[in-house]
Amino acid sequence: MSWYGMTFLEASVGSCIRRLCAEKVGIEVDPVRIGKGGRAVEKNVDLLVFWCQEFWDCIYEARRQCPP
């Protein structure tokens with residue numbers, strides 16, 4: 001399974017994960033861990049939603065490459 005799945009994994013989320021790491025994105029939505037005001041939490045929630053959409057778009061675009 002890893003032989004067939006690796007190609008799809010790379011095609012679907014590989015570029016998104018590399019971009020996430022290259023940009024050193026930090027997403028924390030726990031106000032206790034952030035230690036800042038509510039605006040920082042809102043900003044991180046927006047960032048989380050953005051990256052979830054990016055991942056979903058990448059997966060959706062690669063859907064035809066999914067092994068049978």
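The following legends describe an overall view and several close-ups of a predicted model.

Residues are numbered from 1 along each chain as its sequence is written. Because the model is predicted, local features need pLDDT of at least 70 and side-chain atom pairs count only at pLDDT 80 or more, while totals for chains, interfaces and linings use all residues; side-chain values use heavy atoms, with hydrogens and water left out.

View 1. Helices (H or I, at least four residues) and strands (E, at least two) are DSSP runs, numbered from the N terminus. In that order the elements run α-α-α. The C-alpha atoms fill a box of roughly 45 × 20 × 15 Å, taken along the principal axes. The radius of gyration, taken over C-alpha atoms, is 15 Å, whereas a compact globule of 68 residues would have one near 11 Å. That globule rule is 2.2 Å times the number of residues to the power 0.38. Of the contacts with a separation of 6 or more, 61% are between residues 24 or more positions apart, a contact being heavy atoms within 4.5 Å.

**View 2. The surface of the protein comes to about 5,500 Å² of accessible area.** Carbon and sulfur atoms account for 62% of this surface. The areas come from the Shrake-Rupley method with a 1.4 Å probe, and for residues only the protein chains shown count as cover. Buried residues make up 19% of the 68 residues; buried means under 20% relative accessible area, exposed over 50%, and partly exposed in between (1.4 Å probe, protein chains only). The protein has 9 positive and 9 negative charges, and their mean positions are 3 Å apart. Lys and Arg count as positive and Asp and Glu as negative, with His and the chain ends not counted. Each charge is placed at NZ of Lys, CZ of Arg, CG of Asp or CD of Glu.

**View 3. C16 and C58 form a disulfide.** A disulfide is a pair of cysteine sulfur atoms within 2.5 Å, and the count by this rule is 1. The sulfur atoms of C16 and C58 are 2.5 Å apart. The pair links distant parts of the chain, 42 residues apart: C16 is in helix α1 (residues 2-22) and C58 in helix α3 (residues 38-61). The torsion about the S-S bond is about 60°, so the disulfide is right-handed. C16 is buried at 1% relative accessible area, and C58 is also buried, at 18%.

View 4. C21 is exposed, with a relative accessible area of 53%. C66 is partly exposed, at 42% relative accessibility.

**View 5. G26 lies in the loop between α1 and α2 (31-34).** This glycine is exposed, at 53% relative accessibility. Not counting residues up to four places away in sequence, G26 touches N44 and L47. G26 and N44 are 18 residues apart in sequence, and their C-alpha atoms are 8.3 Å apart.

**View 6. V41 is found in helix α3.** V41 is buried, with 17% relative accessibility. Leaving out residues up to four places away in sequence, V41 touches V29, P31 and I34. The C-alpha atoms of V41 and I59, 18 residues apart along the chain, are separated by 27 Å.
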